[in-house]
Amino acid sequence: MTDHFNVALLPEDDNFALACVDFAQANFSERASEYLLGTEAFPHVTLCQFEIETELKQLRTLWLAMESLQRMPISLKLGHIYFKPGVETHENKYWVGLAVEKIPRLSALQNSVYEQLAHFGIQGKTLPQTYFPHLTWARCDYDKPLRLAFMPPEDFWKNDYLFAISLGRSDENGVYHERIYPALG
């Protein structure tokens, strides 16, 4: 059985993660279609999504390689709210979330993750040449009008946030369902 996985950056600040979930729930809960931050979808910045036949031993080996790429959390700054039309299987949908400033260190990390997966014979779905760092809030149907009920406070936009590398289970829409590594202590 093929499973979906995501090497991603998870926020270290629980208040920031909660603010993202609260914002997504308040603004998109009635508009979302199969992707909405909440109890079943963790806030994250994707580095590379991939699919493999799962074996616990292989996941552990992959994690050790990924962990060695970024041992310390990386500081990221938010850019803007984005709205992006869905393509292919996401036709008639749009994505909404936070763009993350594309700093050289983040681009280099994403490229290293992609190359490390290739080293293991895994074709990553997140290509370095088209990498758009972001934190998705929701996927919505086009026929449901967009209305933002509230915005995060001003300091939400001004702060840098620490993110740590992880390996998690996701789905075909990129919903990060379960953190596998690092294991919760």
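Predicted model: local features only at pLDDT ≥ 70, side-chain atom pairs only at ≥ 80, totals over all residues.
Local features need pLDDT of at least 70 and side-chain atom pairs count only at pLDDT 80 or more, while totals for chains, interfaces and linings use all residues. Residues are numbered from 1 along each chain as its sequence is written, and side-chain values use heavy atoms, with hydrogens and water left out.

## Spaces

Rolling a probe the size of a water molecule over the atoms shows where empty space is left. The search uses a 1 Å grid over the protein atoms alone. A cavity is a set of points where a 1.4 Å probe fits but cannot get out. A pocket is an open set with protein on both sides within 12 Å along at least five of seven lines. Lining residues have an atom within 4 Å of a point. Grid points are joined across faces, edges and corners, and a volume is the space filled by probe spheres set on the points.

In the table, Ala, Val, Leu, Ile, Met, Phe, Trp, Tyr, Cys and Pro count as nonpolar, Asp, Glu, Lys and Arg as charged, and the others, Gly among them, as polar.

| Space | Volume | Lining residues by class |
|---|---|---|
| Largest pocket | about 780 Å³ | eight nonpolar, 12 polar, four charged |
| Second largest pocket | about 270 Å³ | six nonpolar, two polar, three charged |
| Largest cavity | about 30 Å³ | two nonpolar, three polar, four charged |

Start with the largest pocket. Its lining has 24 residues, and Q49, K84, K125, T126 and H134 lie nearest its centre. Strand 3, strand 4 and strand 6 (134-141) each give two or more residues to this lining. Strand 4 supplies the largest share, three residues. Helices (H or I, at least four residues) and strands (E, at least two) are DSSP runs, numbered from the N terminus.

Strand 1 and helix 1 each supply at least two residues here, and helix 1 gives the largest share, with three.

Now the cavity. The structure holds one cavity of 30 Å³ or more. H4, F5, Q49, F50, E51, K125, S170, D171 and E172 line the largest cavity. Strand 1 (2-11) and strand 3 each give two or more of these residues. Strand 3 gives the most, three.

## Q49

Q49 lines the largest cavity and is also one of the residues nearest the centre of the largest pocket. Q49 sits in strand 3 (residues 45-53). Beyond its neighbours within four places in sequence, Q49 is in contact (heavy atoms within 4.5 Å) with F5, N6, G124, K125, T126 and G174. Q49 and Q123 are 74 residues apart in sequence, yet their C-alpha atoms are 9.1 Å apart in space.

In soluble globular proteins, nonpolar side chains tend to be buried together. A nonpolar core is a set of buried Ala, Val, Leu, Ile, Met, Phe, Trp, Tyr and Cys residues joined through side-chain atoms within 4.5 Å. Here the largest core has 49 residues, and L9 and W137 have the most contacts inside it. Helix 1 (residues 14-28) gives the largest share, six residues. Outside four places in sequence, L9 is in contact with residues including L47, L76, L109 and I165.

Is Q70 buried or exposed? Q70 is buried (under 20% relative accessible area, with a 1.4 Å probe and protein chains only), at 11%. Q70 is found in the loop between helix 2 (56-69) and strand 4 (74-85). Its side chain reaches the backbone oxygen of M72 at 2.7 Å. Leaving out residues up to four places away, Q70 touches R105, L109 and I165.

Methods
Buried < 20%, exposed > 50% of the residue type's maximum accessible area, 1.4 Å probe, protein only. Polar contact = N/O pair within 3.5 Å; in protein donor to acceptor, adjacent residues only side chain to side chain.
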